[in-house]
Amino acid sequence: MDKKNYQTNKNDVFYVQSKSNNPTIIFVHGYSSTYYLHHQFYLANKFDKYNYFSMNFKGHKIQDDQSKLSEYDINQYANELINKIKKYNFNNIILIGHSMGGGIALLAYQKLASRIKKIILVNAINPAIYKSQMGIKYLVNVFKNKRSALKIIETYENIKPDNPLKNTLDAYLNFELERFLIKKRKFLFLGFKLISPILYSKLINIYKTITVPTLFISGKNDVVIPSNPTRKFLKKINNHYIDFVTIPNTKHIPFVEDFEKYNEIVWKFINDN
């Protein structure tokens, strides 16, 4: 999928069904992102035993997105996901949530726990975000209208030169940056909501009460959701359903920066009984 096809693709839901009764892997994208950033996971693997689903939330759609300011909201995103799960009658779900998408996945799990088989959290939002210093740099760059603003949050500078998707991903990042600057007031509104103590009070409770196998994948050098504070948070809540693993030499988007290692870790967790 090249940049042109991606930008003109009006389908903001991606769903490939192998068999209706197979488990469904659902990818939940992060802040100012889309499902496409995780698309290599679909392209590189066979899905004969699993269905694969992902979607773009309001404010993150590709075209003709007239979402209102009030719709830039993580709780509404969770409801969007829940409605899609019910619409397609997904069961035996494996949720993969990245960053903000991890929070969305947890909120959906809280309401649909009986449908969720496993959870994979990739640099998912948690109280460790308060240990990050990137928020200040991010806000300064946004107000200065600098293209470098979003790169502080979403960067994959370590992507291997021979990666077949490198050019496409570079084009995608440019597209994402341009969209962000156009809608920066709305994304700032969402950004402030994502550091709300009320939100983290709710998420902490969910982290504590998860009762399905859950894997937290952390980019060792992540500056947005720092790895060591995340490890300490998970150790403190002491939920034995949650395992923690780091991927060296990666930041906030390990499934792009070291896809091979990420892919290996994810499938091992999915296939373990």
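Leaving aside neighbours within four places in sequence, which residues is I104 in contact with? The notes below come back to this after some remarks on the model as a whole.

1. Confidence. This is a predicted model, and the mean pLDDT of the protein is 85, with 80% of its residues reaching 70 or more. Over residues 1–9, however, the pLDDT is below 50, although this stretch still has 18 contacts in the model beyond near neighbours in sequence.

2. Overall composition. The protein holds 12 helices and 7 strands, and of its 273 residues 56% count as buried. Among contacts with a separation of 6 or more, 81% are accounted for by residues 24 or more positions apart.

3. The sheet. The 7 strands form an open sheet of mixed pairing, in the order β1-β3-β2-β4-β5-β6-β7. β1 (13–16) and β7 (242–247) stand at the edges and have a single partner strand each, so one side of each is left without a neighbour in the sheet. From one strand to the next the twist averages 15°.

4. Two parallel pairs. β4 and β5 run parallel and are joined by 6 bridges, with I93 standing opposite I116 in β5. Strand β6 (residues 214–219) also pairs with β7 in the parallel sense, over 6 bridges, and here the bridge partner of T214 is I242 in β7. Strand β5 is mostly covered, since 6 of its 7 residues are buried. In general, the strands of a sheet pair through backbone hydrogen bonds, either parallel or antiparallel.

5. Helix α4 and the largest core. Helix α4 (residues 100–111) lies across β2 (24–28), β4 (93–98) and β5 (116–122), and runs at about 145° to β4. The largest nonpolar core has 50 residues, of which I26, L81, I104 and Y207 touch the most other members; its largest share, 7 residues, comes from α4. To return to the opening question, I104 is in contact with V28, H29, F57, I74, Y77, A78 and L81, when its neighbours within four places in sequence are left aside. Apart from this core lies another one of 26 residues, among them F14, V122, I265 and F269.

6. F57 as a loop residue. F57 lies in the loop between β3 (51–55) and α3, yet F57 is buried, with a relative accessible area of 1%. Its contacts, leaving aside neighbours within four places in sequence, are V28, H29, Y77, E80, L81 and I104. F57 and Y35 are 22 residues apart in sequence, while their C-alpha atoms are 9.2 Å apart in space.

7. Helix α12. Helix α12 (residues 259–271) packs on the sheet and touches β2, β4, β5, β6 and β7, its direction making about 160° with that of β5. At 1.5 Å a residue, the 13 residues of α12 should span 18 Å, and the end C-alpha atoms are 18 Å apart, which agrees. The buried residues of this helix are F259, Y262, N263, I265, V266, W267, F269 and I270. As a general point, an α-helix has 3.6 residues a turn, so residues three or four places apart point the same way.

8. Leaving aside its neighbours within four places in sequence, N263 is in contact with F41 and N45.

9. Positive phi values. N89, in the loop between α3 (74–87) and β4, has a phi near 55°, a positive value in a residue other than glycine. N238, found in the loop between α10 (227–237) and β7, likewise has a positive phi, near 55°. At 63% relative accessibility, N238 counts as exposed.

Technical notes: Residues numbered from 1 in each chain as written. Predicted model: local features only at pLDDT ≥ 70, side-chain atom pairs only at ≥ 80, totals over all residues. Heavy atoms only, no water. pLDDT = per-residue confidence, 0-100. Contact = heavy atoms within 4.5 Å. Pairing = 2+ DSSP bridges. Helix = DSSP H or I, 4+ residues; strand = E, 2+ residues; numbered from the N terminus. Axes fitted to C-alpha atoms, helices over the stretch in contact; angles between N-to-C directions. Expected span 1.5 Å × (residues − 1). Buried < 20%, exposed > 50% of the residue type's maximum accessible area, 1.4 Å probe, protein only. Core = buried A, V, L, I, M, F, W, Y, C linked by side-chain atoms within 4.5 Å.
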